[in-house]
Amino acid sequence: MKVAVIGSNGQLGADLVEVFAARHEVVQLTHHDMDVARAESVREVLGRIRPDVVLNTAAAHHVPKCEEDPIHAYLVNGIGPLNLARISSQQGFRLVHYSTDYMFDGSKRKPYIETDSVKPLNVYGATKSIGETYLLNYSEYGYVIRISGIYGKVPCRAKGGNFVTTMIKLAAEKPEVKVVTDEILTPTGTIEIAKNTLFMLENDASPGIYHMTAQGESSWFEFASVIFSVLNLKTPLLGTTVATMPSPVKRPFYSVLENKNLKNQGLDRMPHWRDSIENYLWEKYLG
Ligand SMILES: NC(=O)c1ccc[n+]([C@@H]2O[C@H](COP(=O)([O-])OP(=O)(O)OC[C@H]3O[C@@H](n4cnc5c(N)ncnc54)[C@H](OP(=O)(O)O)[C@@H]3O)[C@@H](O)[C@H]2O)c1
């Protein structure tokens with residue numbers, strides 16, 4: 001199949017390109033090639049390429065910047081998927097769109113499944129939620145894949161790094177590093193998301209919403225502890241609470257996702273988060 005990857009130089013996009021290119025023809029699209037917020041741009045570029053599958057990683061996802069500029073966030077996270085969905089139905093390609101655990105407010109305190117009601121707490125989550133609605137209503141072959149706490153080989157362009165690079169930087173610069181113990185999620189490697197997306201599509205998963213995170217759950221502090229331990233970072237790592245770190249943005253305290261739809265179709269290949277981060281650190285920093 002011919003696969004177009006939107007945001008191909010981003011953190012997730014780079015791993016999608018690598019994994020899909022091993023088995024399929026891949027066309028890489030950066031922001032320079034196409035603006036998802038402009039329907040004409042999307043129609044013209046995809047009309048020329050004629051892909052069978054489009055993987056959309058484009059997003060405005062620097063969470064504080066989304067609060068400051070909600071119109072930009074809506075254009076990229078809402079109108080972008082609307083454009084892609086309409087054009088996917090006209091041109092007949094399968095459309096995979098990546099979304100977020102920030103759909104939820106965290107009050108469930110148990111892993112969220114795909115049919116749980118969404119209740120985003122911030123502009124980023126709300127605009128991504130609108131994008132999901134458009135995508136599912138306007139695309140005949142649309143997949144929404146919700147992911148969480150991602151890290152990959154290439155730094156996140158919107159955030160200038162990821163949690164691992166932030167920990168390494170803070171450990172080098174600060175006398176001690178404080179990380180919150182009361183925000184619970186499932187950190188997930190982009191390489192595994194790319195592999196499981198390929199597996200899903202090759203096995204004709206039915207269109208709809210999918211949760212695709214690693215197994216298990218972790219606080220940011222527990223995740224940081226594994227990073228410090230594997231990389232042998234000697235700076236003291238201390239636990240703290242969200243209340244001690246005031247932020248203008250509301251975030252869910254609990255956003256663990258269960259991969260129920262993947263499991264129901266026998267398509268859940270995601271590893272445990274701890275195995276995944278250990279492999280990643282060994283390969284990237286110690287190999
Ligand atoms: N980071 C996380 O922890 C996390 C958690 C849950 C979900 N997600 C979701 O995961 C996805 C991928 O994240 P990532 O870390 O791979 O992001 P990233 O590294 O920032 O990559 C995003 C890509 O999209 C491009 N892009 C931005 N606006 C665009 C537009 N209007 N038109 C076309 N391309 C545009 C960016 O190009 P430029 O940089 O040149 O603009 C970049 O290539 C996003 O949908 C995000 O919402 C991320």
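Predicted model: local features only at pLDDT ≥ 70, side-chain atom pairs only at ≥ 80, totals over all residues.
Trainee: Why are α1 and α7 called oblique to each other?
Mentor: Start with the angle. Helix α1 (residues 11-21) and helix α7 (residues 190-202) pack at about 50°. Roughly parallel needs an angle under 35 degrees, and roughly perpendicular runs from 65 to 115. The pair is therefore oblique.

Trainee: What is the distance between the axes of α1 and α7, and which hand does the crossing have?
Mentor: The axes are 8 Å apart. The crossing is right-handed.

Trainee: How do you know that α1 meets α7?
Mentor: Contact requires heavy atoms within 4.5 Å. In α1, the residues in contact include Leu-12, Leu-16 and Phe-20; in α7, Ile-191, Ala-194 and Leu-198 are among them. By class, the contact has nine nonpolar, three polar and three charged residues.

Trainee: Where do α8 and α10 stand?
Mentor: Helix α8 (residues 220-230) and helix α10 (residues 273-286) cross at roughly 35°, and their axes come within 10 Å. This crossing is right-handed.

Trainee: What makes up the contact of α8 with α10?
Mentor: Phe-223, Val-226 and Ile-227 are among the α8 residues, and Trp-273, Ile-277 and Leu-281 among those of α10. The contact has nine nonpolar and three charged residues, but no polar ones.

Trainee: Why is Arg-86 called partly exposed?
Mentor: Arg-86 lies in helix α4 (residues 70-91). Buried means under 20% relative accessible area, and exposed means over 50%. Arg-86 has 40%, so it counts as partly exposed.

Trainee: How far is the C-alpha atom of Arg-86 from that of Gln-215?
Mentor: They are separated by 34 Å, with the two residues 129 apart along the chain.

Conventions: Residues numbered from 1 in each chain as written. Heavy atoms only, no water. Axes fitted to C-alpha atoms, helices over the stretch in contact; angles between N-to-C directions. Helix = DSSP H or I, 4+ residues; strand = E, 2+ residues; numbered from the N terminus. Parallel < 35°, antiparallel > 145°, perpendicular 65-115°, else oblique. Left-handed = near helix turned anticlockwise from the far one by under 90°. Nonpolar A, V, L, I, M, F, W, Y, C, P; charged D, E, K, R; others polar. Buried < 20%, exposed > 50% of the residue type's maximum accessible area, 1.4 Å probe, protein only.
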